[in-house]
Amino acid sequence: MNTLSALLVRDIRLAMRVGGGAVIGVLFFLIVVTLIPFAIGPDLGLLARIGPAILWLGALLASLLALDRLIAADYEDGSLDLLLMARMPIEIVVAVKAFAHWLTTGLPLVVATPVLGLLLNLDPQATAAVALTLLVGTPALTFIGLIGAALAVALRRGGLLLAVLVLPLTIPVLIFGVAAANAAITGPMSFGAPFSILCALTLMSLVIGPVAAGAALRQGME
Amino acid sequence: MRLLATDLACIRGGREVFAGLSFTISAGQALVVLGPNGVGKSSLLRLLAGLVRRTGGNVILEGGDPELSVPEQAHYLGHQDSLKPALTVRENLNFWVQMLGAHAPSADSPSIDQALTTVGLGSIIDLPAGYLSAGQRRRLSIARLVTIKRPIWLLDEPTTALDTGSQAMLAQLMGEHLKDGGVLLAAAHGPIGLEAPAELRLGSTTQHTPGNGHL
């Protein structure tokens with residue numbers, strides 16, 4: 001337990017100090033969401049209708065932004081070597097790293113959502129629905145991204161490969177996240193069904209992500 | 001305690017680096033791996049550390065903890081320092097002690113501040129590691145070996161970037177580790193300050209010359 005909290009604290013501290021993850025991600029989210037009303041024009045009805053989708057897309061792209069460094073930073077300075085030699089399975093190590101990553105990049109996006117909801121003419125209830133789906137859905141984005149981050153390190157490729165690998169896998173999360181938010185706002189579907197599936201997707205990714213990432217890192221040992 | 005390696009083979013990038021490599025290191029003994037660049041010294045150390053896949057052979061630590069693998073009982077000092085520039089000297093060392101250390105720290109292992117004083121970083125404990133020189137970064141990595149007790153030391157060219165004073169400090173630490181019954185394997189191009197270590201020469205003809213020191 002001590003070991004895990006040490007890793008969690010270290011990763012959070014790094015994210016805070018290195019002119020960080022959290023602020024940049026939220027700024028990027030803000031810019032993406034702000035650009036869209038400019039592109040579409042001042043049609044308030046349309047904005048309110050596609051608001052949840054825009055927020056979800058923005059969050060998806062913003063969470064992708066920092067994933068590149070999730071494991072690559074430790075690989076480049078040799079820390080990954082030592083993490084592999086710890087008396088702790090690498091699956092748990094990467095799971096803790098992904099959790100720290102979500103706390104510093106995913107959670108700020110959820111917190112920023114109400115502010116951005118104003119820009120998109122969403123009423124408070126709709127904003128709350130989107131924020132709730134993001135709170136449940138962003139861990140799935142991080143843990144699916146974890147697989148891509150580990151593969152990018154194992155294959156010695158960075159950057160764009162990660163986006164190409166990860167984005168297709170996030171489609172189900174995007175579909176059910178937006179569906180749940182829309183159901184809460186406009187109906188007629190019930191909120192429960194898509195939201196439950198979104199929860200299930202997140203739980204699945206929490207299990208599959210670390211195991212797959214661990215396998216990728218072991219496979220990549222050369 | 002005895003580190004037994006039998007018939008080790010390593011293939012990297014489709015090329016055979018070495019094969020049929022066997023050696024034994026007893027407690028308190030050091031083995032220096034010699035050979036020209038690219039002959040597989042670093043690969044051998046990384047293989048023992050569990051960081052490169054072993055394509056053949058076996059590594060056993062006789063008398064070690066039966067519940068732990070060999071890499072879990074080894075320290076690896078590679079070319080990279082595993083330090084985060086944004087964390088202070090103490091935070092860096094403290095993290096690795098918590099991450100790599102035993103669940104119940106033994107009473108005789110030095111505290112973090114003691115270890116940092118030993119390697120000559122006692123006065124800059126709260127400086128971010130990003131401001132350290134190459135030699136200071138190396139010394140901070142060496143502090144890790146001292147603070148966490150692990151019986152096997154795998155050192156890849158440990159004297160790189162160290163000044164003469166620090167090299168003497170390292171030699172003394174290696175001597176103490178061997179005196180405590182540890183096992184040491186180092187890749188080097190020149191003397192690293194050990195008294196008559198055994199030598200393993202990698203190259204076209206692999207031969208094992210036992211030294212006449214404290215075997």
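How many helices and strands does chain B have? Chain B has five helices and nine strands, where helices (H or I, at least four residues) and strands (E, at least two) are DSSP runs numbered from the N terminus. This is a predicted model, in which local features need pLDDT of at least 70 and side-chain atom pairs count only at pLDDT 80 or more, while totals for chains, interfaces and linings use all residues. Residues are numbered from 1 along each chain as its sequence is written, and chains are lettered from A and ligands numbered from 1 in the order in which they are written.

**The two chains**

- Read from the N terminus, the elements of chain B follow the order β-β-β-α-β-β-α-α-α-β-α-β-β-β.
- Chain B has a radius of gyration of 17 Å, close to the 17 Å that the globule rule gives for 215 residues, so it is as compact as a globular protein of that length; the radius is taken over C-alpha atoms, and the rule is 2.2 Å times the number of residues to the power 0.38.
- The C-alpha atoms of chain B fill a box of roughly 50 × 35 × 35 Å along the principal axes, and 45% of its 215 residues are buried, a residue being buried if 20 or more other C-beta atoms lie within 10 Å of its own, exposed if 12 or fewer, and partly exposed in between, with C-beta atoms placed from the backbone.
- Of the contacts in chain B with a separation of 6 or more, 70% are between residues 24 or more positions apart, two residues being in contact if their C-beta atoms, placed from the backbone, lie within 7 Å.
- Chain A, by comparison, has nine helices and zero strands.
- For the 222 residues of chain A, a compact globule would have a radius of gyration near 17 Å, and the value of 18 Å for chain A agrees with this.
- The C-alpha trace of chain A spans about 55 × 35 × 30 Å along its principal axes, and buried residues make up 49% of the chain.
- In chain A, 80% of the contacts between residues at least 6 apart in sequence join residues at least 24 apart.

**Where the chains meet**

- In the contact between the chains, 20 residues of chain A meet 24 residues of chain B.
- On the side of chain A that touches chain B, the elements giving two or more residues are α1 (2–17) and α4 (79–84) of chain A, and the largest share, eight residues, comes from α1(A).
- That side of chain A divides into nine nonpolar, four polar and seven charged residues, where Ala, Val, Leu, Ile, Met, Phe, Trp, Tyr, Cys and Pro count as nonpolar, Asp, Glu, Lys and Arg as charged, and the others, Gly among them, as polar.

- Helix α6 (residues 124–154) of chain A has 31 residues and should span 45 Å at 1.5 Å a residue, which agrees with the 44 Å between its end C-alpha atoms; the expected span is 1.5 Å times one less than the number of residues.
- α6(A) bends by about 35° at A:V136, with a proline, A:P139, following within four residues; the bend is the angle between axes fitted to the seven residues ending at a residue and the seven starting there.
- In α6(A), 25 of the 31 residues are buried, and the helix is followed by A:R156, whose phi is positive, near 60°.
- The largest nonpolar core has 134 residues, and those with the most contacts inside it are A:A149, A:A150, B:L154 and B:A186; such a core is a set of buried Ala, Val, Leu, Ile, Met, Phe, Trp, Tyr and Cys residues joined through C-beta atoms within 7 Å.
- The largest share of this core, 17 residues, comes from α6(A).
- Not counting residues up to four places away in sequence, B:A186 touches B:A30, B:V32, B:V33, B:L155, B:P158 and B:I192.

**Individual residues**

- B:D7, which is not a glycine, has a positive phi of about 60°; B:D7 is placed in strand β1 (residues 2–12) of chain B and is exposed, with 11 other C-beta atoms within 10 Å.
- B:S82, also not a glycine, has a positive phi of about 55°; B:S82 lies in the loop between β5 (74–77) and α2 (89–100) of chain B and counts as buried, with 22 C-beta neighbours inside 10 Å.
- A:E91 belongs to helix α5 (residues 90–119) of chain A and is partly exposed, with 18 other C-beta atoms within 10 Å.
- A:E91 and A:V211 are 120 residues apart in sequence and 5.5 Å apart in space, C-alpha to C-alpha.
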